[in-house]
Amino acid sequence: MIRFLKGRFYPSIDGTTIIETAAGIGFLVTIAANSPLYKHFEGEEVKVYTHMIVREDDMSLYGFSSMDELDLFRLLITVNGVGAKAGMAIMSILPADELKHAIAKGDAKTIAKAQGVGKRTSERVILELKDKVDDPLTDEGDIMPEEVSFVMTDERSQAIEALMALGYGREEAEEAVGRVQGDDLSVEEYITLALKRK
């Protein structure tokens, strides 16, 4: 069993990435669409926690940026009717803490937004996992992001669109770019500084 990989990060647009280890071996790893791993630049060294699924005709690795994410994925695929593909789809709709919050609060509608996951499956996820996950976002712990004031330039707008293409939600992308000081930066500079501040 491969528990984690450490190496250079080469993402693809199809939800997979190649992690090239120091030995020169490239492992194909499937990651969630909103994975924090996308905050890393191509070729940058990362550590990816993995879950391997072996079938008669296939051997696949699923990767996560933390043990917490990996543990949540392993819980999801214990649910009847939720395989690795559906589990990754669910992991792709929200960051791990927000997904746990949705499960704990019984928010089946949000979970059903995952590609290929219907109402019945989302309700089953909540039924089977509600008592197994800790809610990291209690009502008292919900923190509203501080207000950010900035001038929306074309460059900022393009940077926000680029972050959304990487899997960020619009509000998260706007907040990240909005925290970057200066109104005369290039699109690339806004993206780079926004990612560093995340």
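This is a predicted model: local features need pLDDT of at least 70, side-chain atom pairs count only at pLDDT 80 or more; totals for chains, interfaces and linings use all residues.
## Exercises on the fold

Helix 3 is followed by glycine 106, which has a positive phi near 75°. Residue numbers start from 1 along each chain as its sequence is written.

### Element order

**Task.** State how many helices and strands the protein has, and give their order along the sequence.

**Solution.** 
- Helices (H or I, at least four residues) and strands (E, at least two) are DSSP runs, numbered from the N terminus.
- Count. The protein has eight helices and five strands.
- Read along the sequence. The pattern is β-β-β-β-β-α-α-α-α-α-α-α-α.
- Check the overall size. The radius of gyration is 18 Å, close to the 16 Å from the globule rule for 198 residues, so the protein is as compact as a globular protein of that length. The radius is taken over C-alpha atoms, and the rule is 2.2 Å times the number of residues to the power 0.38.
- The C-alpha trace spans about 55 × 45 × 25 Å along its principal axes.

### Strand pairing

**Solution.** 
- Two strands pair if DSSP finds at least two bridges between them.
- Take strand 1 (residues 4-11). Arginine 8 stands opposite glutamate 20 in strand 2. The hairpin of these strands has four residues between them, and glycine 15 there takes a positive phi near 90°.
- Go on to strand 2 (residues 16-21). Isoleucine 18 has leucine 28 in strand 3 as its bridge partner. Threonine 17 stands opposite valine 29 in strand 3. This hairpin also has four residues between its strands, with glycine 24 at a positive phi near 85°.
- Valine 29 is partnered by leucine 61 in strand 5.
- Finish with strand 4 (residues 45-55). A hairpin of two residues joins them.

**Task.** Which residues stand opposite glycine 63 in strand 5?

**Solution.** 
- Look at strand 3. Isoleucine 31 stands opposite glycine 63.
- Look at strand 4. Threonine 50 stands opposite glycine 63.
- Check the cover. Strand 5 is mostly covered, with five of its seven residues buried. Buried means under 20% relative accessible area, exposed over 50%, and partly exposed in between, with a 1.4 Å probe and protein chains only.

### Cover of helix 3

**Task.** List the buried residues of helix 3 and find what covers them.

**Solution.** 
- Locate the helix. Helix 3 covers residues 96-104.
- List. Ala96, Leu99, Lys100, His101, Ala102 and Ile103 are buried.
- Recall the geometry. An α-helix has 3.6 residues a turn, so residues three or four places apart point the same way.
- Find the cover. It includes helix 1 (67-76), helix 2 (84-91), helix 4 (108-111) and helix 5 (119-129).
- Widen to the whole chain. Of the 198 residues, 39% count as buried.

### Loop residues

**Task.** Decide whether glycine 81, lysine 132 and aspartate 184 are buried or exposed.

**Solution.** 
- Glycine 81 is in the loop between helix 1 and helix 2. Its relative accessibility is 57%, so it counts as exposed. From valine 29 it is 52 residues away in sequence and 22 Å in space, C-alpha to C-alpha.
- Lysine 132 is in the loop between helix 5 and helix 6 (154-165). Its relative accessible area is 53%, so lysine 132 is exposed. Valine 82 and lysine 132 are 50 residues apart in sequence and 16 Å apart in space, C-alpha to C-alpha.
- Aspartate 184 is in the loop between helix 7 (170-178) and helix 8 (187-197). At a relative accessible area of 70%, aspartate 184 is exposed. Glutamate 155 is 29 residues from aspartate 184 in sequence and 8.4 Å in space, C-alpha to C-alpha.

Terms used: Side-chain values use heavy atoms; hydrogens and water are left out. Contact means heavy atoms within 4.5 Å.
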